[in-house]
Amino acid sequence: MLLEIDIGNTRIKWRVRQQSQIVAADNALTALLLDEASFDEVFSEIDLSLIDKVYVASVVPRCHQFLSNWCMRWSIVPVFAITACYQAGLMNAYNDVSQMGVDRWLALLAAYERSKDPCLIVDAGSAVTIELLCEGSHLGGYIVPGLNLMRNSLFSDTSQVQVTNTRYPDKPCVGASTEEAVLSGLPLMLLGLITLAADELSTTGRKVKIFVTGGDGDYLANLLAAYGFSSVEYISDLVLDGLRLSIE
């Protein structure tokens, strides 16, 4: 069986695959990965004697050696995905691909496998990344702070703007209080950027597909639908879906 792991800045996600079937999956806080022994707790639900391959997507280098040492207990050498110039029919726009996080590349690969239409890939995590994809070419993208980073930055530098509620509205509107203004304004900033990116792709004259993933992805996908985007799909494991395409 295959253990697929996605180590992000905030969370580690994993799933066990037996051929095309997902037989187990879970997630935990990346902050818990302090040493080799930490992986015992994170993967306590898995019978590791049944695992014969481990594929990894990671943007947290400090975890790599811990994970490698942990895998060696079962004589497994984990395979770490890397960002490529060209892979699975997809061309990367970056001149220096080492500057692109592997999670972004894997999400692009997975999106391209799902649709050959012009696509936006929105990964809404600690940061929000937006990638533009058209006719087998990655055109580039945008990186901005995620909702929580924006909110925390606003609070840390403005003494009069403090909001205890952390739930963003399903349909943001003009705020009649500081709380409403903040909780509506932040998601609308992201909505504006995504709309701009979609407009850039719409010049092709073809329907633009939007794939959304990441911790705030479900919320953003619903927000996009509420504002009239008709071809939006939330895929929680888009990065993990790209692992197989990158490594195999």
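## Packing of two helices

The axes of helix α5 (residues 178-202) and helix α6 (residues 217-226) come within 11 Å and cross at roughly 65 degrees, which makes α5 roughly perpendicular to α6 (a word used for angles of 65 to 115 degrees). Axes here are lines fitted to C-alpha atoms over the stretch in contact, with angles running from 0 to 180 degrees between N-to-C directions, and helices are DSSP runs (H or I) of at least four residues, strands (E) of at least two.

In this pair, Pro187, Leu190, Leu191 and Ile194 of α5 meet Tyr219, Leu220, Leu223 and Leu224 of α6 (heavy atoms within 4.5 Å). By class, this contact of α5 with α6 has 8 nonpolar, no polar and no charged residues, where Leu, Ile, Tyr and Pro are among the residues that count as nonpolar.

The model is predicted, with local features needing pLDDT of at least 70 and side-chain atom pairs counting only at pLDDT 80 or more, while totals for chains, interfaces and linings use all residues. Residues are numbered from 1 along each chain as its sequence is written, and side-chain values use heavy atoms, leaving out hydrogens and water.

## Annotated binding sites

An unreviewed UniProt entry places the feature "binding site" at Asp6, Ile7, Gly8, Asn9, Thr10, Arg11, Ile12, Lys13 and Ser126. Gly8 of this set lies in the loop between β1 (2-7) and β2 (11-18).

The unreviewed entry in UniProt also lists Tyr94, Gly101, Val102, Asp103, Arg104 and Thr178 under "binding site"; these are spread over 85 residues of sequence and, in space, up to 40.3 Å between C-alpha atoms. Tyr94 is in the loop between β7 (90-91) and α3 (102-114). Such annotations may be inferred rather than shown by experiment.

Note on methods: Parallel < 35°, antiparallel > 145°, perpendicular 65-115°, else oblique.
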